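Here is a report on a single structure. Take a look at the model before reading on.

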Amino acid sequence: MSTVIAVCRVDHLLPDSGVIGVTAIDKRPVEGPVRVRPLGLHADVQADRKHHGGEDQAVYAYADEDAEHFAAMLDRPVPAGLFGENLRTSGVDVTGAVIGERWRVGETLLLEVTIPRTPCGTFARRMGVAKWVKRFAEEGRPGAYLRVLKSGPVAAGDSITVVDRPAHGVTIGDMFAGLTPEQAQAVLDVDRPVAPKVEREARKALAPGRVGTAV
């Protein structure tokens with residue numbers, strides 16, 4: 001059974017040496033249901049809104065199975081929220097999620113998979129691990145952003161059900177590794193509007209002379 005095992009939102013804005021000066025990456029589990037709207041979880045924030053947040057990156061999901069992989073690699077715990085995720089999941093192949101697939105979470109909330117997480121300097125400073133961005137990228141377990149199609153509450157223990165999956169089969173892992181032109185075209189050919197950030201990445205992959213790279 002696929003479930004949400006923790007719901008996380010910002011605990012404190014922390015000082016950060018990046019351009020913004022603070023970061024909202026310090027997400028921690030909260031008790032009880034949390035309302036999720038088009039811009040994300042109630043009372044959650046993003047400090048750098050140019051690169052984080054927005055409707056296409058409203059919710060960040062990370063699989064507990066992938067967190068356990070990193071815990072073993074780093075020989076340290078990777079508790080829910082450490083990677084800045086909003087939802088820690090169990091039983092969901094987040095890297096294998098198809099771009100545009102839709103998740104029913106609990107009874108009401110409907111989310112759509114959009115793009116993979118791109119590791120950044122803020123994440124590296126959060127982890128304090130040498131060459132963290134490179135190491136994280138090499139493992140190919142980025143987690144997925146989702147947009148909100150229907151608002152609703154989410155709480156630990158809620159079920160996750162894939163209610164629709166596009167036939168193109170292009171996954172979060174594929175986009176993270178770099179879309180081929182064939183994959184990009186397949187994503188754009190889906191018979192419903194794609195998220196703007198998905199369209200942008202697909203069209204970049206189709207640009208003349210473009211070589212596929214991670215987002």
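Is K131 exposed or buried? K131 counts as exposed, at 67% relative accessibility. The scale works like this: buried is under 20% relative accessible area, exposed is over 50%, and partly exposed is in between, with a 1.4 Å probe and protein chains only.

The model is predicted, so local features need pLDDT of at least 70 and side-chain atom pairs count only at pLDDT 80 or more, while totals for chains, interfaces and linings use all residues. Residues are numbered from 1 along each chain as its sequence is written, and side-chain values use heavy atoms, with hydrogens and water left out.

K131 sits in the loop between α2 (121-127) and α3 (132-139). Helices (H or I, at least four residues) and strands (E, at least two) are DSSP runs, numbered from the N terminus. Phi of K131 is near 55°, a positive value in a residue other than glycine. A43 also has a positive phi, about 75°, and is not a glycine. Its place is the loop between β6 (40-41) and β7. A43 is partly exposed, at 45% relative accessibility. As background, most residues other than glycine have a negative phi.

**The nonpolar core**

The largest nonpolar core has 53 residues, and V59, F83, W103 and W132 have the most contacts inside it. Strand β7 (residues 59-63) gives the most to this core, with 5 residues. Such a core is a set of buried Ala, Val, Leu, Ile, Met, Phe, Trp, Tyr and Cys residues joined through side-chain atoms within 4.5 Å. In soluble globular proteins, nonpolar side chains tend to be buried together.

Take W132. Leaving out residues up to four places away in sequence, W132 touches F70, M73, L74, F83, F123, A124 and M127. Contact here means heavy atoms within 4.5 Å.

E101 lies in the loop between β8 (87-90) and β9 (102-105). E101 is a charged residue by type. Beyond four places in sequence, the contacts of E101 are L111, E112, V113, V162, D164, R165, P166 and R192.

H168 is in the loop between β13 (160-164) and α4 (172-177). A polar side-chain atom of H168 lies 3.1 Å from the backbone oxygen of I99. Outside four places in sequence, H168 touches V98, I99, A186, V187 and V190.

The structure holds 1 cavity of 30 Å³ or more. The largest cavity has a volume of about 90 Å³. It is lined by 13 residues, and I99, G100, E112, V194 and A195 are the closest to its centre. The lining divides into 9 nonpolar, 2 polar and 2 charged residues. On a 1 Å grid over the protein atoms alone, a cavity is a set of points where a 1.4 Å probe fits but cannot get out, and lining residues have an atom within 4 Å of a point.

**Pairs apart in sequence**

| Pair | Apart in sequence | C-alpha distance |
|---|---|---|
| H168 and Y60 | 108 residues | 23 Å |
| V10 and E85 | 75 residues | 9.6 Å |
| L179 and K204 | 25 residues | 9.1 Å |

L179 belongs to the loop between α4 and α5 (181-188). L179 is buried, with a relative accessible area of 6%.

T3 is buried at 17% relative accessibility, and V10 is buried at 16%. Leaving aside neighbours within four places, T3 touches R88, T89, S90, G157, D158, S159 and I160. On that basis V10 contacts A24, D26, K27, A43, D44 and V45. A43 is the residue with positive phi described above.

P15 is in strand β2 (residues 14-15). P15 counts as exposed, at 74% relative accessibility. Its contacts beyond four places in sequence are G21, V22 and T23.

Key: 1 Å grid on protein atoms, 1.4 Å probe; cavity = no way out; pocket = protein on both sides within 12 Å on 5 of 7 lines; lining within 4 Å. Points joined across faces, edges and corners; volume = space filled by probe spheres on them. Polar contact = N/O pair within 3.5 Å; in protein donor to acceptor, adjacent residues only side chain to side chain.
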